[in-house]
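Hi,

Here is the structure I said I would pass on. Have a look, and my notes on it follow below.

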Amino acid sequence: KQMAISSDLERVFEIGPVFRAEKSHTRRHLCEFTGLDLEMAIKDHYMETLEVVHEVFKHIFTGLETRHAKELAVIREQYPSSAVTFTEEPCIVHWPEAMEILKGEGFDMGDEMGDLTGAMELALGASIKEKYGTDFFMLDKYPAEIRPFYTMPDPDDDRFSNSYDIFLRGQEICSGAQRCHDPDLVMDIIEKKGMEAGDGLKTYVESFRHGVSPHAGAGFGLERVVFLYLGLDNVRKASMFPRDPN
């Protein structure tokens, strides 16, 4: 998708299978899921991407409740749930605020540079719902160390990054970021992370050397969105042919 942006496509959308090799034995993970991905050139700030995502999901949430109320009523007889609540403008929570909330909930956050556990996500979602009245929010400025090499560092503090996860009912449905479009900076980050830039990565980096728009993107898991929206007890029930480690 990034290489498509470098060829002067301003916005790229993709729907396709995504495969995970991780042995995640949980009620919210699959080894194969349907990915809903977007990448877009940005003019001033990567928040433009979050605004697009927010408008898309507002349209989805509203459309489901109005155009498919009959079908939702049938499902909710067996799996009770309420309509997702959301804010008119994007609800964006920054990493330091999330750390304070979780410490207030009794979690030991250590140096505050580690990734969130499932329990932390749920506690954060409950607190955000109480504080801002929304089931749908974005957590911004993840520590750079726990994000991929192609993530743009925060220009004000390179311990952090211009990256985000998006949450629904206290669980992650999306990861995204402003991508690093500076080829020399990408190579520097690859080296700092102790990675080897093989032929595949070199081709990727070279695609930026002739000029590319600053850009950002996001990737959603369709089955997880369905699972959480409908209040199901397991993501496998949102897939016709679920594939898991077993």
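A charge sits over a ring if NZ of Lys or CZ of Arg is within 6 Å of the ring centre and within 35 degrees of the ring normal. With that in mind, Arg169 lies over the face of Tyr229, at 6.0 Å from the ring centre. Another case is Arg147, whose charged end sits over the ring of Tyr142, 4.2 Å from the centre. Keep in mind throughout that this is a predicted model.

On to the rings themselves. Searching the whole structure turns up 12 aromatic pairs. In one of them, Trp95 and Tyr142, the ring centres are 4.8 Å apart and the planes are at 50°, so this pair is tilted. It links distant parts of the chain: Trp95 is in helix α4 (residues 95–104), while Tyr142 is in the loop between β4 (136–140) and β5 (163–168), 47 residues apart. Trp95 is buried, at a relative accessible area of 1%, and Tyr142 is buried with a relative accessible area of 1%.

Phe137 and Phe167 make a stacked pair, with 5.0 Å from centre to centre and 10° between the planes. Phe137 belongs to strand β4 and Phe167 to strand β5, so the pair ties together parts that are 30 residues apart in sequence. Both Phe137 and Phe167 are buried. Phe167 also turns up among the contacts of Glu121, along with Arg28, Leu116, Gly170, Gln171 and Glu172, leaving out residues up to four places away in sequence.

Now the charges. How many salt bridges does a search of the whole structure find? It finds 21. Here are some of them:

- Glu32 and Arg243 meet through their side chains at 3.3 Å, N to O. Glu32 is in strand β2 and Arg243 in the segment after α8, so the bridge ties together parts that are 211 residues apart in sequence. Glu32 is partly exposed at 26% relative accessibility, and Arg243 is partly exposed at 45%.
- Arg179 and Glu39 form a salt bridge whose closest N and O atoms are 2.7 Å apart. Arg179 is in the loop between β6 and α6 (183–192) and Glu39 in strand β2, so parts that are 140 residues apart in sequence are tied together. Arg179 and Glu39 are both buried.
- Glu65 and Arg76 meet at 2.8 Å, N to O. Glu65 lies in helix α2 and Arg76 in helix α3 (residues 69–78), so this pair ties together parts that are 11 residues apart in sequence. Glu65 is partly exposed at 23%. Arg76, at 19%, counts as buried because the cut-off is under 20% relative accessible area.

Finally, salt bridges with shared partners join Glu55, Lys58 and Glu88 into one network.

Cheers

Terms used
Residues are numbered from 1 along each chain as its sequence is written. This is a predicted model: local features need pLDDT of at least 70, side-chain atom pairs count only at pLDDT 80 or more; totals for chains, interfaces and linings use all residues. Side-chain values use heavy atoms; hydrogens and water are left out. Rings of Phe, Tyr and Trp (its six-membered ring) pair if their centres lie within 6.5 Å; planes under 30 degrees apart count as stacked, over 60 as edge-to-face and the rest as tilted. Helices (H or I, at least four residues) and strands (E, at least two) are DSSP runs, numbered from the N terminus. Buried means under 20% relative accessible area, exposed over 50%, partly exposed in between (1.4 Å probe, protein chains only). Contact means heavy atoms within 4.5 Å. A salt bridge is a side-chain nitrogen of Lys or Arg within 4 Å of a carboxyl oxygen of Asp or Glu.
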